[in-house]
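I opened a new page for this structure.

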Amino acid sequence: MEKTEFRYVADSRTQQVQIVLPQHANAYKRLFGGVLMQWIDVTAAVTARRHSCFEVTTARIDMLEFVAPAYVGSTVLLDGCITHVGTTSMEVRVDTYVESLDGNRERVNRAYLVLVALDEQSNPVRVPRLTPVTQEEQDEWQAGIKRRALRKKRRVERY
Ligand SMILES: CC(C)(COP(=O)(O)OP(=O)(O)OC[C@H]1O[C@@H](n2cnc3c(N)ncnc32)[C@H](O)[C@@H]1OP(=O)(O)O)[C@@H](O)C(=O)NCCC(=O)NCCS
């Protein structure tokens with residue numbers, strides 16, 4: 001894909017679908033949190049690669065909120081989108097849904113991750129700017145500014 005200076009959220013939106021299998025679950029047939037985290041990490045990485053057109057690494061998983069369980073046999077849909085960009089870092093939100101047979105979706109998880117784009121020497125490299133278009137994208141951009149400031153404060157003050 002061509003490298004451009006400005007990109008839209010829709011340009012990098014990434015979805016992944018899984019069926020929860022027995023090896024993904026505990027004895028009570030609930031999806032392991034760690035398995036879901038792996039799926040979330042991959043979804044976020046592909047989203048960030050599509051935005052930046054560079055290799056990326058996960059710098060931080062900021063929030064991982066398990067709202068409801070998923071069980072063996074469930075169809076699980078992960079939906080990743082860029083919410084904010086810094087100079088070399090990108091914030092990606094990954095929402096996870098359980099989809100029932102009639103197509104209804106219930107959100108079971110929301111995660112925010114920070115990924116950094118790396119050049120061929122594995123040094124952080126500048127990423128394209130993000131142009132938020134919809135009201136939701138603009139709200140997430142504003143919230144992303146606050147989350148970035150909070151992350152910086154926590155790193156500096158070590159709490
Ligand atoms: C992420 C990493 C490349 C950053 O390298 P660095 O030398 O600290 O680079 P910088 O200080 O220039 O920071 C680069 C960007 O990353 C951000 N960043 C670095 N560490 C961060 C952290 N812990 N949380 C959030 N953002 C972070 C910086 O804010 C900066 O963002 P910006 O350019 O948008 O302002 C480096 O810390 C690293 O390789 N970490 C290990 C990542 C990894 O292995 N992940 C997989 C885990 S199994």
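**Entry 1: a serine in a helix**

I began with Ser52, which lies in helix H2. The model is a predicted one, and I keep that in mind throughout. Is Ser52 buried or exposed? I find 2% relative accessibility, so Ser52 counts as buried, the cut-off being under 20%.

Next I looked up what the side chain of Ser52 reaches. The backbone oxygen of Ala48 is 2.8 Å away from that side chain. The side chain of Ser52 also reaches the backbone nitrogen of Phe54, at 3.1 Å.

**Entry 2: two positive phi values**

I moved on to the backbone. Cys53 is not a glycine, yet its phi is positive, about 65°. I noted this because most residues other than glycine have a negative phi. Cys53 sits in the loop between H2 and E3. Its relative accessible area is 23%, so I list Cys53 as partly exposed.

Which other residue did I write down for its phi? It was Arg158, again a residue other than glycine, with a positive phi near 55°. I find Arg158 in the segment after H3. Arg158 is exposed, with 76% relative accessible area.

**Entry 3: the ligand**

I then turned to the ligand.

A polar backbone atom of Thr58 is 2.9 Å from a nitrogen atom of the ligand. For Ser89, an N or O atom in the side chain is 2.6 Å from an oxygen atom of the ligand. For Arg148, an N or O atom in the side chain is 2.8 Å from an oxygen atom of the ligand.

How much of the ligand does the protein cover? On its own, the ligand has 930 Å² of accessible area, and the protein covers 48% of that.

**Entry 4: a nonpolar patch**

I went over the surface next. Met37, Ile61 and Phe66 form a nonpolar patch there. Together these residues have about 260 Å² of accessible area. I placed Met37 in helix H2, which spans residues 33-52. Met37 has a relative accessible area of 34%, so I list it as partly exposed.

**Entry 5: salt bridges**

How many salt bridges does the structure hold? I have 14 on my list. Side chains of opposite charge can pair when their charged atoms come close.

I took the pair Glu5 and Arg126 to begin with. Their side chains meet in a salt bridge, at 2.6 Å from N to O. Glu5 lies in the segment before strand E1 (6-8), and Arg126 lies in the loop between E6 and strand E7 (129-131). The pair therefore ties together parts that are 121 residues apart in sequence. Glu5 is partly exposed, at 40% relative accessibility. Arg126 is partly exposed too, at 46%.

Then I looked up Glu140 and Arg147. Their side chains meet in a salt bridge at 3.0 Å, N to O.

The side chains meet in a salt bridge at 3.6 Å, N to O. These residues are 4 apart in helix H3, so about one helical turn separates them. Glu157 counts as partly exposed, at 47% relative accessibility. Lys153 is also partly exposed, with 40% relative accessible area.

Salt bridges that share partners join Arg60, Asp62, Glu91, Arg93, Asp95, Arg110, Glu136, Glu140, Arg147 and Arg151.

Notes: Residues are numbered from 1 along each chain as its sequence is written. This is a predicted model: local features need pLDDT of at least 70, side-chain atom pairs count only at pLDDT 80 or more; totals for chains, interfaces and linings use all residues. Side-chain values use heavy atoms; hydrogens and water are left out. A polar contact is a pair of N or O atoms within 3.5 Å; within protein, one must be able to donate a hydrogen and the other to accept it, and residues adjacent in sequence count only if both atoms are side-chain atoms. Accessible areas come from the Shrake-Rupley method with a 1.4 Å probe; for residues, only the protein chains shown count as cover. Patches are made of residues with over 30% relative accessible area and no salt bridge: like charges are joined within 9 Å, nonpolar side chains (Val, Leu, Ile, Met, Phe, Trp, Tyr) within 5 Å. A salt bridge is a side-chain nitrogen of Lys or Arg within 4 Å of a carboxyl oxygen of Asp or Glu. Buried means under 20% relative accessible area, exposed over 50%, partly exposed in between (1.4 Å probe, protein chains only).
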